[in-house]
There are 2 protein chains.
Amino acid sequence: MGLIKTEKFTNQQNEIALIAKVIGHPARVAILQHLFKINACVCGDLVDEIGLAQSTISQHLKELKHMGLIKGSVEGTSVCYCIDTENWSKMKQIMTQFLDQDVSNNTCC
Amino acid sequence: MGLIKTEKFTNQQNEIALIAKVIGHPARVAILQHLFKINACVCGDLVDEIGLAQSTISQHLKELKHMGLIKGSVEGTSVCYCIDTENWSKMKQIMTQFLDQDVSNNTCC
DNA sequence: TTTATATATTGCAATATTACGATTAAGTAA
DNA sequence: TTACTTAATCGTAATATTGCAATATATAAA
């Protein structure tokens with residue numbers, strides 16, 4: 001069906017999955033890495049940097065913004081995007097907690 | 001097109017995205033959490049636990065196995081699944097390194 | 001061998017995602 | 001005003017994902 005049955009899972013499980021899903025595309029990984037690297041506002045040079053069509057990059061930016069990982073502010077004709085540090089930290093904590101599950105007692109197979 | 005242009009990105013970016021993508025479904029998050037919780041082999045009770053069809057769970061297990069996050073061994077008629085601790089640690093390191101990018105110098109917008 | 005149980009695979013329908021070109025919107029410069 | 005620049009949105013095609021029923025496979029028990 002292509003439709004995820006979110007009602008079968010806990011809020012936490014759905015949230016982890018949503019965060020991971022947004023990161024689960026190399027273009028969005030590249031955008032985030034570039035924003036971290038530049039460490040300041042960036043706009044349409046992401047299109048040159050990444051090499052996908054302008055409309056495609058715009059769509060990925062929209063998804064990242066929708067998840068709250070980045071924020072954008074209009075600067076004249078261009079738009080300045082950057083990491084939303086507060087939300088990034090929150091997201092990082094959620095993911096880290098999931099990833100940090102103790103593996104040492106795992107005594108099977 | 002629905003087709004990701006992986007050739008536009010670095011191996012690292014593609015790898016991060018692939019890992020995140022596998023985690024990007026609540027059923028797979030639930031499976032992983034259950035395997036951690038039980039801390040031992042588990043088989044078809046994942047179907048009862050999660051409440052999706054057997055074939056659906058089997059497919060998700062296949063994807064997790066394909067990414068190397070879990071491994072399974074046949075035990076009679078059932079199959080014992082568990083976290084692949086070595087690969088989990090590797091994966092965790094890759095993701096943590098990505099998530100840990102320094103946010104403090106971010107002075108924009 | 002037959003039957004039962006557990007898991008994997010196949011085939012399919014519904015929906016989602018990715019990507020792009022074309023267009024629109026909104027600001028700037030002339 | 002018009003022309004230009006930048007980014008968002010729309011429409012669309014191609015592909016991917018999700019989920020299930022049905023079937024296949026493989027082992028165990030009778």
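Select A:His60 and show the residues around it: leaving out residues up to four places away in sequence, A:His60 touches A:His25, A:Ala27, A:Arg28 and A:Ile31. Touching, or contact, here means heavy atoms within 4.5 Å. A:His60 sits in helix 4 of chain A; helices (H or I, at least four residues) and strands (E, at least two) are DSSP runs, numbered from the N terminus. The relative accessible area of A:His60 is 8%, so this residue is buried. The classes are set as follows: buried is under 20% relative accessible area, exposed is over 50%, and partly exposed is in between (1.4 Å probe, protein chains only).

Before moving on, note that this is a predicted model, in which local features need pLDDT of at least 70 and side-chain atom pairs count only at pLDDT 80 or more, while totals for chains, interfaces and linings use all residues. Residues are numbered from 1 along each chain as its sequence is written, chains are lettered from A and ligands numbered from 1 in the order in which they are written, and side-chain values use heavy atoms, with hydrogens and water left out.

The rule for a salt bridge is a side-chain nitrogen of Lys or Arg within 4 Å of a carboxyl oxygen of Asp or Glu. Which of the two partners is buried? A:Arg28 is, at 8% relative accessibility, whereas A:Glu63 is partly exposed at 35%. Over all chains, the rule gives 4 salt bridges.

**Salt bridges between the chains**

Next, select A:Lys92 and B:Asp100. Their side chains form a salt bridge of 3.3 Å, N to O. This pair crosses between chains, running from A:Lys92 in helix 5 (residues 85–99) of chain A to B:Asp100 in the segment after helix 5 (85–99) of chain B. Both ends are partly exposed: A:Lys92 has a relative accessible area of 23%, and B:Asp100 has 43%.

Now select B:Lys92 and A:Asp100. Here too the side chains meet in a salt bridge, with 3.3 Å from N to O. The pair runs from B:Lys92 in helix 5 of chain B to A:Asp100 in the segment after helix 5 of chain A. B:Lys92 is partly exposed at 23%, and A:Asp100 is partly exposed at 43%.

**The interface as a whole**

Colour the two chains separately. How many residues of chain B are in contact with chain A? There are 50, and they meet 50 residues of chain A. The two chains bury about 4400 Å² between them, 68% of it on carbon and sulfur atoms; buried area is the accessible area (1.4 Å probe) that two parts lose on being put together, summed over both. Across this interface the rule finds 2 salt bridges.

The count of residue pairs in polar contact between chain B and chain A is 10, both residues being at pLDDT 80 or more. On chain B, the side that touches chain A draws at least two residues from each of helix 1 (11–23), helix 2 (26–38), strand 1 (70–75), strand 2 (78–83) and helix 5. By class, that side has 28 nonpolar, 15 polar and 7 charged residues. In this scheme Ala, Val, Leu, Ile, Met, Phe, Trp, Tyr, Cys and Pro count as nonpolar, Asp, Glu, Lys and Arg as charged, and the others, Gly among them, as polar.

A polar contact of 2.9 Å joins its side chain to that of A:Gln33. The term covers a pair of N or O atoms within 3.5 Å; within protein, one must be able to donate a hydrogen and the other to accept it, and residues adjacent in sequence count only if both atoms are side-chain atoms. B:Gln13 is buried, at 11% relative accessibility. Apart from neighbours within four places in sequence, B:Gln13 is in contact with A:Pro26, A:Val29, A:Ala30 and A:Gln33.

**The nonpolar core**

Finally, select A:Ile23, A:Trp88, B:Ile23 and B:Trp88. Of the 60 residues in the largest nonpolar core, these touch the most other members. Such a core is a set of buried Ala, Val, Leu, Ile, Met, Phe, Trp, Tyr and Cys residues joined through side-chain atoms within 4.5 Å. Around A:Ile23, not counting residues up to four places away in sequence, are A:Val29, A:Met91, B:Ile16, B:Ala17, B:Ala20, B:Phe98 and B:Leu99, which A:Ile23 touches.
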